[in-house]
Amino acid sequence: MPEIPGLDVAALSKWFSGAHPDLAAGPLRAAVIAGGRSNLTYAIEGARVPMVLRRPPLGHVLSSAHDMAREHRVISALAGTAIPVPVAIDLVDDTDGPITGTPFFLMEKAPGKVVVDRAQNAAYAREEIRGMSFELVHHLAALHSVDVNAVGLASFGKPDGYLARQLSTWRRQLNASRSREVPELDQLQAALEVEVPETTRTGIVHGDYRLDNVLVDGKPPRVSAILDWEMATLGDPLVDLGIFALYWEIGNLPSGGAISSAVDPAAGYPTFEELADYYAAQSGMTLPDLRWYRAFAAYKLAVILEGIHYRYQAGDTVGEGFDRIGDLVRPLAENGLKVL
């Protein structure tokens, strides 16, 4: 069996047969799922159901940015609601253990595929792509309206002071990942701190909501599962809308191919403005000026990518494409300053 970076498959098989005999069906097989830039994600075969295992990245890990327990908790809590999430199987603290040497999260593999490249749009009609886009926003509005008390997430975060804490958190993350000078990023950080918006509504914040963090299945395509919840918390839902806007239009940035996006108006994707209006209608609210939230999204992603650039330089990334990630940090910071 070929060696899988960050995962001892034999140790996983041994643990799984004892911990989940109802799902075990023999030795497990694993393969790295390409495309992830943060946590390592593996497709696990050989059990009675196909599974996915997630663990923090190798090497330099930013505190609070790769929280397996947080992801497991929110997915488990949302099971049975209208929010489509994978089925959670287990959360394991394997710190210094034989399987991953870190905490890891195991879930059933949901049906569908990630739409991440413009070439994939050819499989769908224009109206199908529009429908998928609006459904994506429908789920975001529904997530922000979930009764956190009813699903057991009242203690999932501290909504008071959320935006100020986010700025402090990402400032610490940036300081922990510095390997070069990026003055534009420091300028954006200072500009965001000048006038932090007042939060008027709180709810579950996904933290990284975008088209390529969901699975779509069928024809017409429907969202079958929302993925990558490790940054979820309670806070200002407009942070999600800012992140969504950034990724929806990220094809306009000079990324050099570092980040792929399927969003293409020529294929039928609505503008962000159309989707923001739909979100407002679904949420029953009038949206405020989103410039701060969009600038913060650029700052947050720039800091995340700077951390990935740091890991790449240390030789701690798995897969291809990480050599270009660092090239997007400065354009993101410049975009944030322009938006603000």
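Relative accessible area is classed as buried when under 20%, exposed when over 50%, and partly exposed in between (1.4 Å probe, protein chains only). The model is predicted: local features need pLDDT of at least 70, side-chain atom pairs count only at pLDDT 80 or more, and totals for chains, interfaces and linings use all residues. Residues are numbered from 1 along each chain as its sequence is written, and side-chain values use heavy atoms, with hydrogens and water left out.

**Exercise 1.** Classify Arg118 and Asp264 by accessibility, and state how their side chains meet.

*Solution.* 
1. Arg118 has 43% relative accessibility and counts as partly exposed.
2. Asp264, at 17%, counts as buried.
3. Their side chains form a salt bridge (a side-chain nitrogen of Lys or Arg within 4 Å of a carboxyl oxygen of Asp or Glu), with an N to O distance of 3.7 Å.
4. Arg118 lies in the loop between β5 (103-108) and α3 (126-144), and Asp264 in the loop between α6 (238-248) and α7 (272-283), so the pair ties together parts 146 residues apart in sequence. Helices (H or I, at least four residues) and strands (E, at least two) are DSSP runs, numbered from the N terminus.
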